[in-house]
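The entries follow the order in which I worked.

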Amino acid sequence: MNRLYMFMAAALALILALPLWLDKYTLGIFVMIFYYAYLGQSWNVLTGYTGHISLGHALYVGIGAYTSTFLAQTWGISPWIGMLAGGLLSMTVALCMGYLGFRFGLRGVYFVILTIGFAEITRLIVSHIEALGSFSGIFLDFNPSFINFQFRGNMPYYYISLGFMVVSMIVVRLIETSRLGRFMIATREDEDAAEALGVNTFKYSMIAIAISAFMTALAGTFYANYIFYLHPATLFGMALSIELIMRPIIGGMGTVLGPVIGSFILTPLSEISRAYFAKGGLEGLHLILYGILAILVVLFMPRGIIVYLKGASQWIFNSADKK
Amino acid sequence: MSMLKVNHLTKSFGGLTAVDSLSFELKEGEILGLIGPNGAGKTTVFNCLSGFSPPDLGEVLFKGQAVTGMKPHAICQMGLARTFQIVKPFLTISVLDNVMIGALIGERSISAAEKKSMEILHMAGLGSMANTEAQGLPLPMRKRLELAKCLATDPLVLLLDEVMAGLNATEVDEMISLIRQVNSKGVSILMIEHVMRGVMALSQSVIVINYGRKIAEGPPEQVVKDQGVIEAYLGKEFLDAQG
């Protein structure tokens, strides 16, 4: 374990220094790696640890992005504050949905449908509200300053998204080792068995969905002020919901490192193959690659790549120890 | 003192009355057996007692307090814990972590819960398996784990649902002595069991149910000789053939 922390500290030091050598485009890829690792980690709290499968997490990204942008454009409120407002609004929506799902015992695929339903309904509502830009969305004005959460170049975004990712890892690690985390895991493993041992599965499911939604919404604000354009079909759409769960699934659900490893593998693959195939007029081919990769992982590594990395690192250290 | 008192418990599923106006009492420190042929409604009784399926009629008093209609976790926190006939280990976490879930209900500190769980695991003979994932355990050990998880919640009353089913003779003996040990610490036990050796060895009193109704009650030696009980298990033809 100490070796793992040492390795991670070294990796973090390297990552902190990286922008010295990288160009804008490559920095952008790293921003996306951190961004998706963070999103995956947020989703991981609800699905990876507590076992309630959400296929509508784009909902919270959208709420986060629209709330902070609306507050900034209407009343000039700093997105840093708007980000917290978006988080709280997201949490409220999630708790309403969670109440419906958990109180009435919607499990498995029925809960999945509920999450998709909430995301789709919100997408349609936002698409019809003039003040939120309806179908065509909102363009953000570019006024770079720290207060406005807007910056020239990719470097500040690199460090902010890195911060998001690292903090999310620490938070999830703290949850995982706490009483709360253990009750969440018991809920995931077997709700009835957990109840029989005195675990209030409803309460812990509600806590999990609240944390997960809050964290996810913060990424929405980041996205809005990085891309400068909000589009309801993108921000509340199925495609984003699927995109953000791919990394923890491939890396390893219910682990702190899973979403991060998944993102370091998948995001560059996605960005590079997207650019490469688009040049050859094959837009969308990278999504097919994605699908194939997902099928292979689910078939042959159902608990994610992390299991194999663990095995490999143990093997390396064990043989090193022998010498 | 009465630990658990059940009055006119009734539960129907559609047209089928699984438990029919059943009343009984579990005294402090007692081991009470609940037996009956397959489909007699034994597990349904447990589901009613533990809050998994609230009864249609009747009441359940735990230490004189009505628990009817309460959620399973609340009933467990009061001190009434159950095991499942089809064991429900938390598969992908370690045996120790399994037991710690129960221990953490009454204990906020992780390290104290870990210490307590290790003691329980040693008592249940699972000490050496503490760091194994639960899915690596064979059935006899899973049955012990099921019991160990319950014990970690500090129960006053244990509902054991066929913890001896599927065990061989040696394993049954080990389970008997484990249950005795638990009972000697003051835990009252209501056990559903088909393994008669276990029932005979452990229970001071036995209730026999069939079609959800109580058909006999008394000390085990007496109950197994009861004509009505023999008929319920083996049929009227058997009694006739024996003359």
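**Entry 1: a buried lysine and its partner**

I began with K149(B), which counts as buried at 2% relative accessibility. I use buried for under 20% relative accessible area, exposed for over 50% and partly exposed for what lies in between, with a 1.4 Å probe and protein chains only. I note that this is a predicted model, in which local features need pLDDT of at least 70, side-chain atom pairs count only at pLDDT 80 or more, and totals for chains, interfaces and linings use all residues. Residues are numbered from 1 along each chain as its sequence is written, chains are lettered from A and ligands numbered from 1 in the order in which they are written, and side-chain values use heavy atoms, with hydrogens and water left out.

Which residue does K149(B) meet in a salt bridge? I found E146(B), at 3.8 Å from N to O. A salt bridge here is a side-chain nitrogen of Lys or Arg within 4 Å of a carboxyl oxygen of Asp or Glu. E146(B) is also buried, with a relative accessible area of 5%. Because K149(B) and E146(B) are three residues apart in helix α5 of chain B (residues 139–151), about one helical turn separates them. Helices (H or I, at least four residues) and strands (E, at least two) are DSSP runs, numbered from the N terminus.

**Entry 2: pairs across the sequence**

I counted 17 salt bridges over all chains. In one of them, D192(A) pairs with R107(A), their closest N and O atoms being 3.8 Å apart. This pair links distant parts of the chain, 85 residues apart: D192(A) is in helix α8 (residues 191–196) of chain A, and R107(A) is in the loop between α4 (79–103) and α5 (109–127) of chain A. D192(A) is partly exposed at 25% relative accessibility, and R107(A) is partly exposed at 43%. R107(A), E191(A) and D192(A) form a network of salt bridges.

In chain B I looked up D56(B) and K11(B), which form a salt bridge with closest N and O atoms 3.8 Å apart. D56(B) lies in the loop between α1 (42–49) and β4 (57–62) of chain B and K11(B) in strand β1 (residues 2–13) of chain B, so the pair ties together parts 45 residues apart in sequence. D56(B) is partly exposed at 43%, whereas K11(B) is buried at 11%.

**Entry 3: chain A against chain B**

I found 21 residues of chain A in contact (heavy atoms within 4.5 Å) with 28 residues of chain B. The area buried between chain A and chain B is about 2100 Å², with 60% from carbon and sulfur atoms; buried area is the accessible area (1.4 Å probe) that two parts lose on being put together, summed over both. R179(A), R182(A) and L197(A) supply 34% of the area that chain A buries against chain B, more than any other three residues.

Three salt bridges run between chain A and chain B. I looked up R182(A) with D97(B), at 2.9 Å from N to O. On the side of chain A that touches chain B, α7 (179–189) and α8 of chain A are the elements that give two or more residues. The largest share, seven residues, comes from α7(A).

**Entry 4: helix α3(A)**

Just after α3(A), G76(A) takes a positive phi of about 65°.
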